[in-house]
Amino acid sequence: MKYKIIFFITFLIQSLYAQQVEFKAEVSKNQLGANERLRIEFSMNKDGDNFTPPNFHGFTIVMGPSQSVSRSWINGVSSFSKTYIYILQPTAKGKFTIGQASIEIDGRTYKTNPIAITVTEAVKTPSIDRNTNDIARENLFLLAEVSKPNPYLNEAVSVVYRLYVGGEISLSNLRLLDVPKYPNFWSQDIRLQNYEVENCSYQGRSYRCIVVKRIVLYPQKTGAITLEPLSVEAIINAPTGQRDFFGRPFYEEISRKVSSGSRVLNIKPLPEEGKPENFSGAVGNFSFSVNATKQTLKANESTQLKIEVSGNGNFKLFDLPKPTFPSSLEVYAPEQKEDINTSLNGMKGRLEQTYTIVPEYKGKYPISGLSFSYFNPNTQKYETVKTEDIWIDVTEGPTAENQPNDTANSNNIPLKPEGLQTNADLQPMHQPVFFGSTAYYLWLFLPLLLIPIVLIWWHIKMQRAGDIEGNKVRVANRLAKKYLGEAKRKLGDKGTFYEALERALHNYLKAKLKIETAEMSKDKITELLLSRKATEATVAQFMALLANCEMARYSQHHTDASMEKDFSEAVQVISALDKQVKNK
C-alpha cells in the first residue's frame, strides 16, 4: 500500500509538470551587422490556436513563418513541441525591440517576452548564427568615463578609458591605436605602470574591466567640445560553440578593434557677477599666505618674502600676485618652487615664489598686503584672500641721507695764528654779489619750474598704475622673456623644457593680443593674429609649435636635437610675429 501511494504521487507530479504550458521566443543573436540576418523562433510545449506574431519594427521578413512539430514518449511521459520560425533582415542601424507574440492554448492567451536587438555597421563575414565575432561584439567594448560632463572653464575633468571584457572571452594582448588629441584643453596624462584587471558591472551585467588610459583635462574654451574617440586593438580568445571529446569548448583567437566613441562636454563660462578685478584665472579651492623669514635685521642683511598658494586647482594656468616694494629695498628676481601632484581629482599641492630682499639703509619699510582671488566650483562663487601689511625694520645701518658734519673751528683754533705777517699794501678782494645775479634768479624760479614737471611725472605714474591692461602686457612680456630664458637653461630636461617653452608662448600671446590664458583657444588665437596682419604661414608655424609643446611633454621620441630645434623655432616665430602683428 505504501508503494502504491508513492507511485500515485509521482505520477500526479509528472502529469502536472507535463501539463505546464510554455510559450517563449528565442533569437539567433542579440547583436548583428546591418548586412546580416536574424533567426527568431516562437516555441510552445502544447498545441494552440490563433498564433499572432509581433510587429517586426525595423526588420523585413525574408522567410517565414515556417513550422516545426515534434512528439515523443519517454518513460511513459509524452512531450510536444511546436515552433514558428522567421528569418529577418534589418532595415536600419540602431536599437530595436521585437514585441510580444501571442497564442491561445486551452482557452487561455499566452505571450512571449520582448527582445532587444542591436544593429551595428555591416560586418565582413555575415552569418545568421552566433559566431566568434558575434561573441566578441557582445562581450568586448570600450567606454570613456567622464567625471564631469558640464564643468566650468579651467575646472578639472578626468577621463578614464575602460575596456569591458565579458565572461565568455579572455584577453591575450592589447595595443593602443588612435590616441585622441585635446586641442581645447590643458591636459595631463596620468601614466599607467601596467594594465590591471578589476571586476565591475555595466547595465546589470558583470565584466572584467581594464583601465587603458587616464587623463586630466582643464578646458580652455567654453561651449560644446567633442572629445575624439580612443581606439584599441584587442587580441582575444572566443568560444566557437564546438567541444572536444571530453566536452571542453574550442576557442578561436581573433583580433578586434574597439573604439570609445565620441563624448561631448558642455563647458560653462565663469560668471561675470562678482568677478574681482585682480582675478587671474585661478579655479579650484586654495589657501594663500605671504610671510617674511625675518622682519627685523641690519642693513645689507637679507630676508626672504615667501608668497604661497596651496590647495586643489589649475596651478599651471594662473599667475601669483606681485608685491610692491619700497625703492630703498634691493629686491632680486623671485625663485619659484612647485610641489604639485596630478591625480584623477586634478592638480593638488603648492606653488611658492620667494623674493630675496636686501635693505641698504636704516629705517622701517612697509610691504603692502596682497590679495589673491579664485573661483571655487564647489560653491560656484569667487573668493578672495587678503594678507596684512608686512613691515621690514632695519635697526642698524647708514641713513638714507648723510647728515653734514660741520667741524670748522671745532677746536677753537684762531683764524689768524700769531706770527702771521700781513701786507699793508694788500687790496680788498671784490666778492661777487649773489643777490640779484643770474644764479640767484635761477635758484629762485627753479622750484616753480620743477612743479609742472613733477605733476606731469606724477600724472604719468598714476596713469600707468591705473592701466591694468598695460600692466598685464608688461608683466606678460617679462614672463615671456623669463620662461624663454628658463626653457633655454632647461635644454635636455624634456618635461621642464617644454613646460617653460609653452608658458613663454602663452605669455607672449597675453602681451601681444591682450587676452587672458582662460580665453585662449586655437580658433581665437588664429583669428586675432590674422586680424593683426600676421601671415598665415607664421600663424600656422606658431600654432604647430604650441601644439608640439603639449604633445612633446608625453612623447618618448623627442631628443636634445629636437628640443634645440623647437627652441630656435620659438625664437624665430616670436621675432616674426613681433614684426608682423600690429598693436591696437
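This is a predicted model: local features need pLDDT of at least 70, side-chain atom pairs count only at pLDDT 80 or more; totals for chains, interfaces and linings use all residues.

Me: Noted. How many helices and strands does the chain have?

Reply: Eight helices and 30 strands.

Me: And what share of the residues counts as buried?

Reply: Of the 584 residues in the chain, 37% count as buried.

Me: What about contacts, what part comes from residues 24 or more positions apart?

Reply: Taking the contacts in the chain with a separation of 6 or more, 71% are between residues 24 or more positions apart.

Me: Ok, helices. At what angle do α6 and α7 cross?

Reply: Roughly 150°, with the axes coming within 10 Å. Helix α6 covers residues 522-531 and helix α7 covers residues 536-552. Since angles over 145 degrees count as roughly antiparallel, α6 is therefore roughly antiparallel to α7.

Me: Is that crossing left-handed or right-handed?

Reply: The crossing of α6 and α7 is right-handed.

Me: Which residues make the contact?

Reply: On α6, they are K522, I525, T526, L529 and L530. On α7, they are E536, V539, M543 and L546.

Me: How do those divide into nonpolar, polar and charged?

Reply: Six of the residues in the α6 contact with α7 are nonpolar, one is polar and two are charged.

Me: Switching topic. How many disulfides are there?

Reply: The count is one disulfide. C200 and C209 form it, with their sulfur atoms 1.6 Å apart.

Me: Why does that pair count?

Reply: Because the cut-off is sulfur atoms within 2.5 Å, and those of C200 and C209 are 1.6 Å apart.

Me: Which hand does the link have?

Reply: The link of C200 and C209 is right-handed, with 70° about the S-S bond.

Me: And C209, buried or exposed?

Reply: C209 counts as buried, because its relative accessibility is 0%.

Me: Last one, V179. Where does V179 lie?

Reply: V179 is in the loop between β13 (170-178) and β14 (185-189). V179 counts as partly exposed, because its relative accessibility is 43%.

Me: What does V179 touch, leaving out residues up to four places away in sequence?

Reply: With those left out, V179 touches K213 and L230.

Me: How far is V179 from V232, in sequence and in space?

Reply: V179 and V232 are 53 residues apart in sequence, and their C-alpha atoms are 8.7 Å apart in space.

Me: Thanks, that covers my list.

Technical notes:
Residues are numbered from 1 along each chain as its sequence is written. Side-chain values use heavy atoms; hydrogens and water are left out. Buried means under 20% relative accessible area, exposed over 50%, partly exposed in between (1.4 Å probe, protein chains only). Axes are lines fitted to C-alpha atoms, for helices over the stretch in contact, and angles run from 0 to 180 degrees between N-to-C directions. Helices (H or I, at least four residues) and strands (E, at least two) are DSSP runs, numbered from the N terminus. Angles under 35 degrees count as roughly parallel, over 145 as roughly antiparallel, 65 to 115 as roughly perpendicular and the rest as oblique. A crossing is left-handed if the near helix is turned anticlockwise from the far one by less than a right angle, and right-handed if clockwise. Contact means heavy atoms within 4.5 Å. Ala, Val, Leu, Ile, Met, Phe, Trp, Tyr, Cys and Pro count as nonpolar, Asp, Glu, Lys and Arg as charged, and the others, Gly among them, as polar.
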